[in-house]
Structure formats: C-alpha cells, structure tokens
Amino acid sequence: MTANILLVEDEPAIQELLLFNVTQCGYRAIPAVDANSALAQINRALPDLILLDWMLPGMSGIELAKRLRADQRTRNIPIIMLTARTDERDKVLGLESGADDYITKPFSPRELMARIRAVLRRRAPQMSDEVVRVEGLELSPVTHRVSANGTNIDLGPTEFRLLHFFMTHVERVYSRAQLLDQVWGDHVFVEERTVDVHIRRLRQALEASGMDSLVQTVRGSGYRFSRA
Ligand code: CA
C-alpha cells in the first residue's frame, strides 16, 4: 500500500526538494502551497501523512494542525511539522498543536525520510513496507507475498491489504465502516457488506493452513484479528 503524503509548503524550492525525495522513496506526493489548498486536498481524500510547514501565507501550519486535530475525520492523520525555527519553546508549541514530529530547516533528506518512516511505522503500520509476522503467517509488502508456515498463499489485492491491516492491528475490534476507511480509503462509496465478501475470501485463502481462525467475527461490532 503506497502512502499518500500531503506536502504543505509555500517555498517552491523546498516544495520541489520534498516532492523529489518523497517520490523517490516510493510514496505518492500531493503538493499544496497553503493551508486552504491543503484543506481542499484533505477534503477530497485523507492523506496518510502530512508534512506541514510552520510559516505559511494566511493560516499558519500550527493553526492548520490544530484544526485537523479538532475534527473527527482528520484527527488521526500523522503530521510532521517543518520549520526554520530552532527555538525550544516553538518546538513545544508545535508538538502541543498536535504534530507527531518536528524537523527544522535546513534538513537532510535522509533524516526527513527516516522521520517519515518512523512516524508511519508508529501511526500507520499498514503503510510501512516492513515484513510482518503473526503466528505462522508472514506478509511482505515489498514482494507482495504471503505465506503460512512457509507455504505461499495467493491473495487478491483487497484481501492482501485487509490482511496487512489486520496483521499490524492485532487484537483490536474494527467495525465494517472503520475497515472501509482504513483499507479501502475514506470517501470510497462501497457498501459495508463488501467488507464481508472480502473477509470471506480472505478466510477461504487461509483455510488450508488453519489460519482462517485468526479472522474473527465479533457479533454486533465487526471483526478482529486475534491469536486467542
Ligand atoms: Ca514557509
């Protein structure tokens, strides 16, 4: 699953540098030059992470971060603040406004990419390209392979994303609507019973290995991926 990264930066040279590095790392970059165009993008589709410049014309990065944190739909988007300020007090303000991390300009692209990976790993593990293992199941986002006790399992693209999400969020219950948001993306207009169809396919694919029991139905609530 390729992470969509919204780049909110008004300085063209830095925007270009960000765009180049983010794309180079295999992420999808969405540029925005100010808070309002960022909001328009977010309204269209939720990004998986936002690189947010502090000093923007009009609404500042801090104000935008606060606004996103106050809204149910956008409150969980990971944010990395980008700023030229080095003052300790400002860093605290940045983190208090809801940013997950903070990076000061000028930054090394390598450091920035390491921060992006770290924040994604922490906040959206299904976006990370690290191999995940649960019980005898192993899933590799890079090679797109899944195996159960060493035996390859063929999965369709949706079942793959669903399993990746489950394996990175074990023991938690998700409603059908939450799974649609997380796995299909929000603003995708599919019916909730579509989730059941893909859960069924996923279980079928895991059946031979006995791993289908990991995908559990929680009556009245949704689904949970659990060892117990
Ligand atoms: Ca700026």
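The calcium ion takes its protein donors from Asp 10 (OD), Glu 11 (OE), Asp 53 (OD) and Met 55 (O), at 2.1 to 3.0 Å. Donors here are N, O and S atoms within 2.8 Å of the metal, or 3.2 Å for Na, K and Ca; water is not among the atoms, so sites may look incomplete. The model is predicted: local features need pLDDT of at least 70 and side-chain atom pairs count only at pLDDT 80 or more, while totals for chains, interfaces and linings use all residues. Residues are numbered from 1 along each chain as its sequence is written, and side-chain values use heavy atoms, with hydrogens and water left out.

In sequence, the calcium donors follow the spacing D-E-x41-D-x1-M. Asp 10 sits in the loop between strand E1 (4–8) and helix H1 (12–24), and Asp 53 in strand E3 (residues 49–53), so the pair ties together parts that are 43 residues apart in sequence. Helices (H or I, at least four residues) and strands (E, at least two) are DSSP runs, numbered from the N terminus. Asp 53 is buried, at 2% relative accessible area. Asp 10 is partly exposed, at 29% relative accessibility. Buried means under 20% relative accessible area, exposed over 50%, and partly exposed in between (1.4 Å probe, protein chains only).

The strands form an open sheet of 5, in the order E2-E1-E3-E4-E5, with parallel pairing. Strands E2 and E5 (101–104) stand at the edges with a single partner strand each, so one side of each has no neighbour in the sheet. Two strands pair if DSSP finds at least two bridges between them. E1 and E3 pair in the parallel sense over 4 bridges. Leu 6 has Ile 50 of E3 as its bridge partner.

Helix H1 buries Ile 14, Gln 15, Leu 18, Asn 21 and Val 22. Seen down the axis of H1, the buried residues fall within an arc of 140°, so they line one face of the helix. The arc is that of the directions from the helix axis to the C-beta atoms. Pro 12, Ala 13, Glu 16, Phe 20 and Gln 24 are exposed on the other side of H1. The buried residues of H1 pack against E1, strand E2 (28–32), E3, strand E4 (79–83) and helix H5 (109–123). Contact means heavy atoms within 4.5 Å. After H1 comes Gly 26, with a positive phi near 90°.
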